[in-house]
Each structure stands twice: as C-alpha cells, then as structure tokens.
Amino acid sequence: MSLLHRLTDGVPLRALWGLGLLLAALLVAPAFLGKYGLSVLILVLYFAYVGQAWNIMMGFAGQLSLGHALYAGLGGYIAAGLFFHYGVGPWLGLFAAVAAAAAAGAVVGYLGFRFSLAGVYFALLTIAFSEFTRIAFDHWGWVGGSGGLFLKVDATADWLNLRGGPVLFYYVILALAVGAFILCRALLESRLGRYWLAIREDAEAAQAVGVPVFRCKMIAVVISAALTAVAGVWNAFYYNNLFPETAFAMGRSIEFTLAPIIGGLGTLFGPIVGAVVLTGLGEIFTDLSELFHISGIKQIFYGLALLIIVMYRPAGVWPWIADRFGFGEKRR
Amino acid sequence: MTADFLLSLAQAITKGLLTGMVYGLMALGLSVIFGVMRVVNFAHGELMVVGMYLAWMGFEYLQVSPMLSLPVIAAVFFVAGYALQRTVISPFIGRPEHQQFLLLLAIAILLVNACLAIAGPDSRGVQLESQFDSYELGPLVFDAVRLHAALTAVVIAALLWLFFTRTRIGKSIRAAADNHMGALVVGLDVRRLYAFTFGVGAACVGAAGALMITIIPVTPFLAAEYTLLAFVIVIVGGLGSMTGALLGGLLIGVSEAVAGLLLQPSLKSMVSFGILILVLLLRPQGLMGKRGQ
C-alpha cells in the first residue's frame, strides 16, 4: 500500500473532508486574523505540536515524563547560542539542537529503563535531569547564565535565519503541527506503534510475547525528545530570549503535558483539542481577571478549570466529543 | 586544611542537620500519604507554604508566636486534609498516575495563587525575640530558632511514631497500607482511614510550615521548590518509610548547607538533584526502603 493510502486507511470520508477544510482554514487564517488573533492561534499550534511530541512518550508508550523542558531548553539554547555566537543559521543549528536533545533523551531513557524505573520514579528522574540542567545553565557564561540569552529582534522576513514577524512563525509552527500529526498517525499505524500500545497496557506481557520493550521505549523517548527540541528552537527564535529559569522550569514541562492530558491521552486529536481548550481558557481568564484587581486571580480560574475538567472528564475532552458526535477516534 | 575551615564545615553541617529535621517532618507527610494510599501529593510544597503563611498571619495580626500557633495550624490542616481527601481525592485512588497528577496540580495551582491573592508576592517573615539568641557547645554555635524548630520537629515525629505503633487507628492505617483487600475483609473502614491518613500527612506538613517560617521568610514561589524538595527527600530516604523520610531530610539538609559553603548557595539544589539521580539509579527503593515495595 502506498503511504498516503496507509495513513488514510479506515478513516471515514467526512473526517478527511473535515481535516482538509480545517487545514485550508488554517492556511488562509493570517489574512483574516488581526495581530492578537494570530498570536493566540500561534500559541494553540505550539501547544498542539509539543503536546503531540510528549504524547508519543506518555500517550503511546506509557512513560510519564515531567521533564520535557530539558529537551526544549537544550534545543532552544543550542540553536540560539550557535546563531548568537557564530551566526550559524537556525536551520543548520536545528541539527545540532535535535542531536543534543535526542542524546539527552537517550541518556535519561537508558538510565531510567535500564534500571527499570517506572511511573512516579521515572517522572522524578526526568524532573531531576531537567532541574540539574537548569541550575547548570544558570551558571554557564556562554549562554548568558541567569541573565539570559537575547537574540536581536528583526522584523524583516528572512526565512533562512528564521527572523521575521508573526506570520512567518505562524506558518512554521503550522507546518510543524501538521507534520507531527501525520507522523504520529504513521507511527500509530506502524508495528512500532502497536508495540508501544502493548507496552503501555502491560509491559511484562509485552516482554513475554517477544516485544523488544527496552528498544521500543528508547525509540519513543528519542523521537519525543527530538520533536520537542524543534519546538524549543522555534520558541527561542519566536520570543528572542531565553532564560534558564523559564526554559528548563518544571512549570514549562508541566505546560507540555497539559494539552494531551486534558484533550485525551493517546489520541491523535487530544493534544490539538487540549491546546485549543487550554489556550482559549487562558485568554478568557486573562480578560476576566482584568475585571478584578487581585494578583493570581487568573491562575485561580485556571486551576478551577483544570480541577473541573479532571474531575468530570478524567479521560480527556476529545474522547467524549468524539463519542458524542460519532467521529469514532477512541483512545487506543 | 585549616582549623578554621573545619570549624566552618562543622558549623554548616550542624545548621544543615537542624534545618534537615524540619525538612524531614515535611517529607514525612508526603511519605505517609504515598505509603498508605499510593497517591503522589504533587501539592505538598503548596501545603507547606500555606502552613507558613498561616503561621505568619498569626504572628503578624494576632501576635502569636509560630510555636504556639503550630498546634492550631496542625489541627486546621488535619481537618482540611480529611475533607479534601473525602470530597476530591477519594475517587482518584487507584486511577492512573497522570490523572492523580493533574488533580493535585490543579489543587496546587489553587493553593499557591490563593496565597498570592491574599498575601501578595513579597516575602513575609517573622521577627522573633529569640532571633539572635544562640547556644554554644564547645566551638559550635546553634541558632536558637533553628534548634527550637528542629527539636519540635523531632517531638512531632516521635508523636507520629507513637500514633502509628500504639493507637488502634494508627495500626489500622498501617494494616490498610500493607494489604488493602485484607483490611476490607476484616471490616476496616478503609475510606475513612484514607481520609484520616491524608489529614495526618497534611497536619505534618502544616506543622513543618509553622516551624519553617521561624527559619526563613515565605513567598508563594517557594511552593514548587518545596514540592520538589519533599520528593527528593522521600525518594532518597525510601518512599513510604518514616525513618527514611527523616534520614533523607537530614541528608538533604546537610548537603544543601555544605554545598552552600563549598560551592555557591545557588548550586545547593543541584547537589540535591545529583543525589536524587544517584539514589534512583543505584538504590531506587531509597536508603531505608525495602526491595519490591
């Protein structure tokens, strides 16, 4: 079967039409959206993309990582550092960034899986590595230490150096989000994807029937780390600044996990729906909190929303929508 | 090595041991909650910070010393913890870890931002009269507040040990932790025991907060740091082990103080995370944990 055929096999025609329309709308969106609308849509796509990357590890292979900021931070810092110090463009720097993050993922994964840490223990290992790196970068002069690393803001569109206005970054993150979606679909349909699901459901049983558990977990963490590093590079060039305090923060890692968990772990649309819900709520709460003059009120709304969602839709929003409207994608 | 250096090292270790006792009490709460109901309390540092704020408010507005408000705070935390477990957390027992994580994360966000909304982002501390007092033992100097806090933490830990070994309800909780099904079979009200356990764990961390405010001032941003610290301590000591939590607290307290002396103070938590990584890899059950737990 051809690749396209395999990707679309078993998908209802109306779902394909829906996807096509959505993509077309996203492609022309910058022409109709104002500055604010575009910035919100960029955030949605960013969280959908990193959510997709994180979902590979947790949603597919069942390995809880709470330290994904490590990969995004490493990626961003390496590409930005190469650009800042040597003028190496981000497309070239991307290779170094992805390689470093994949290597870091391999180290964390190897140690975690080799010493068979699971669940909370593995999550803590990922946090520990991320925090360790944060403090190291705080004291490393080449990347600016705790004072941060700043790229020169330049709004003239320059695709080669990834310098430009929001529209350029919009199309880059859109391409990434679409690419990650297709990649995840392909992975899920592959033998590797089936192995991951088997491991997620019962690692011992999978091992017993001959699934190469250790190798599959390693592939999951390396792919997930590499994809996350790309988001880190994009993020560094979009915001033009990097601080260890935020780039490697545990809060950043947690941000990455929210969209897939809220949307529906292990589903393809979960991270996308979750990103829409969370970013939308965030914007609404920002407006709402301006009515009150209390610090922290926005986060209180946010916390309440998370609490309500996890109490009433613990499996995520997307499986519930899909069930209701008969789209049929269930958590596999 | 000069005598001066050795003295300052000994001084740092003493300071670390004293702070470490309070850390240990904080971690004890986390360990008890996990050990019994297998729920990972990601809002632990937030509870600690709430305890610190309550003690600060008692001092600021009612002129009550944190040492005196401690029993009240512990009692309030017990009731709040009991109610929280009964209403919100109970349905999540036995659910996948990521769901528990999200639930407690939401609670953590609510708690820390409630502190921010009420007390603001500035750091809040208490000025005790004993602030500048100290005891001397040979060449070593003990800060009075730190020593009082450490001793109180030891007393509370001892009370907790008595509770778990000598009282009927304490023994029932341990039974439910050892064998959930067995506890149900012999007719223990496990759901009530779980709520009780969460109350006890919360009371521990609330008391630790009241002690900690006498040592350092509080800001809402400390919360996430304390959550991580509590995790590091219980993993190093052995998740679910009471002596492990105390020992881990001492170890991390000392490592922070010594790293602050030998390296830079800002590098102190890097050493703690380094220790965590080593323990996870070499002895994942923790220093005092049993294999297969």
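A crossing of two helices is called left-handed if the near helix is turned anticlockwise from the far one by less than a right angle, and right-handed if clockwise. Keep that in mind for a later stop.

This is a predicted model, in which local features need pLDDT of at least 70 and side-chain atom pairs count only at pLDDT 80 or more, while totals for chains, interfaces and linings use all residues. Residues are numbered from 1 along each chain as its sequence is written, and chains are lettered from A, with ligands numbered from 1, in the order in which they are written.

**Chain A as a whole**

Select chain A, which has 15 helices and two strands (DSSP runs numbered from the N terminus, H or I of at least four residues for helices and E of at least two for strands). Its radius of gyration, taken over C-alpha atoms, is 20 Å, close to the 20 Å of the globule rule for 332 residues, so chain A is as compact as a globular protein of that length; the rule is 2.2 Å times the number of residues to the power 0.38. Of the 332 residues, 47% count as buried, where buried requires 20 or more other C-beta atoms within 10 Å of a residue's own, exposed 12 or fewer, and partly exposed lies in between, with C-beta atoms placed from the backbone.

**Where the chains meet**

Now show both chains: 35 residues of chain A are in contact with 33 residues of chain B, contact being C-beta atoms, placed from the backbone, within 7 Å. On the side of chain A that touches chain B, α6(A) gives the most, with 12 residues.

**Two crossing helices in chain B**

Next select α9 (residues 222-237) and α11 (residues 268-282) of chain B, whose axes come within 9 Å and cross at roughly 35° (axes are lines fitted to C-alpha atoms over the stretch in contact, and angles run from 0 to 180 degrees between N-to-C directions). The crossing of α9(B) and α11(B) is left-handed. Among the residues that make the contact are B:Val232 of α9(B) and B:Phe273 of α11(B).

**A covered helix and an exposed residue**

Move to α10(B), residues 242-262, where 15 of the 21 residues are buried. Finally, pick B:Leu6, which is in helix α1 (residues 3-37) of chain B. Is B:Leu6 buried or exposed? With 11 C-beta neighbours inside 10 Å, B:Leu6 counts as exposed.

Conventions:
Two residues are in contact if their C-beta atoms, placed from the backbone, lie within 7 Å.
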